[in-house]
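Here is a friendly walk through a two-chain model, written for reading alongside the viewer. Please keep the structure open as you go.

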Amino acid sequence: MVTDDKKKLAIMLFSGPYGKQDADYMCRIAESALNRGYAVKIFLYGDGVHAQMNGQTPKSFLNIGDYLSELADMGAEIKSCSRCSGARGYVEGEFDEGLDRYPSSKAIDAVKIHTLYSFIDMIKDCDKIMTFGGV
Amino acid sequence: MDMNESICILITKPPHTTEGGKRVCGIARRARDKGMKVSIYLIGDGVLFAKKNLESNRVISPDESISIKVGMNDMLARGITPEMLDYRIEAVDDIEGIFVEDAMENSKLVFTW
């Protein structure tokens, strides 16, 4: 449970899993932050939204989908960009106010597909921002 | 030195594939020259910065005023042993934890490259 007295770390991931290791590094940093008692908020952007794909089964790499689910279980808030997700075929309908997310059977439950405004809310509220996978 | 005079830099990319290595080393050195405390953390392919005898794109500061730590597991995964490191670089096991704590508690700015 995230409480207001924790310092908050916001992380943006720009690149997808497996082609590069940025998602691995991001998850490792997020896990370390959670283990040290910091609140962690992750936003998937651009090709980074592919980290939310359901049913990832890498043979010899870290499973990023499973790792994100574990981070969510540890308390991380994870969202992805709705436009980036829509462009890549993840969005399957209009925004669901009740579920506070765009519907997608292709994305893992741990990730909420949301608008870019939610990233702005994340950075307005955080103590530090880190980015992974930028050029 | 207070938080406002400290930056920490996480490097995940190798030193020579793109010009980014040169750029981030330049930022580190100039921040140091301006009197800031600079800490560099090397993970992933960034551990290649830690090898001694690099002729260019070095992160080492001649006066040792820049703290540099490298992730032991990533280093060993790339065939780099402790004997291959510049003597000013410290290999650590829990580099993610050390970096996060430094970033959150001691640094005004955090660069990730």
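## Chain B at a glance

Of the 113 residues in chain B, 52% are buried, where buried means under 20% relative accessible area, exposed over 50% and partly exposed in between (1.4 Å probe, protein chains only). This is a predicted model, in which local features need pLDDT of at least 70, side-chain atom pairs count only at pLDDT 80 or more, and totals for chains, interfaces and linings use all residues. Residues are numbered from 1 along each chain as its sequence is written, chains are lettered from A and ligands numbered from 1 in the order in which they are written, and side-chain values use heavy atoms, with hydrogens and water left out.

Chain B has three helices and five strands, arranged from the N terminus as β-α-β-β-α-β-α-β. Helices (H or I, at least four residues) and strands (E, at least two) are DSSP runs, numbered from the N terminus. Taking contacts in chain B between residues at least 6 apart in sequence, 78% join residues at least 24 apart; a contact means heavy atoms within 4.5 Å.

## Strand β2 of chain A

Now to chain A. Six of the six residues of β2(A) are buried, so this strand is largely enclosed by the rest of the structure. A:A39, A:K41 and A:F43 lie on one side, with A:V40, A:I42 and A:L44 on the other, and both faces are covered. In a regular strand the side chains alternate between the two faces of the sheet.

β2(A) runs parallel to β1(A), with six bridges joining them; strands pair if DSSP finds at least two bridges between them. Within this pairing, A:K8 stands opposite A:A39. The chain goes from β1(A) to β2(A) by way of helix α1 (residues 22-35) of chain A, in a right-handed β-α-β crossover. Right-handed here means that, with the strands pointing away from the viewer, the path from the first strand over the helix to the second runs clockwise.

β2(A) also runs parallel to β3(A), this time with four bridges, and A:I42 stands opposite A:I78. Helix α2 (residues 64-73) of chain A carries the chain from β2(A) to β3(A), and this β-α-β crossover is right-handed.

## Helix α4 of chain A

Which residues of α4 (residues 117-124) of chain A are buried? They are A:S118, A:F119 and A:M122. These cover an arc of only 105° around the axis, which puts them on the same side of α4(A); the arc is that of the directions from the helix axis to the C-beta atoms. On the other side, A:Y117 and A:K124 are exposed. The buried residues pack against β1 (8-13), β2 (39-44), β3 (77-81) and β4 (112-114) of chain A.

## Aromatic rings

Rings of Phe, Tyr and Trp (its six-membered ring) pair if their centres lie within 6.5 Å; planes under 30 degrees apart count as stacked, over 60 as edge-to-face and the rest as tilted. Over all chains, the count comes to six aromatic pairs. Two edge-to-face examples are tabulated here.

| Pair | Centre to centre | Angle between planes |
|---|---|---|
| A:F95 and A:Y102 | 5.1 Å | 70° |
| B:Y41 and B:F99 | 5.4 Å | 65° |

B:Y41, in strand β2 (residues 37-42) of chain B, and B:F99, in helix α3 (residues 95-105) of chain B, are 58 residues apart, and both are buried. A:F95, at 24% relative accessibility, counts as partly exposed. Ring pairs also link A:F14, A:F43, A:Y45 and A:F119 into a cluster.
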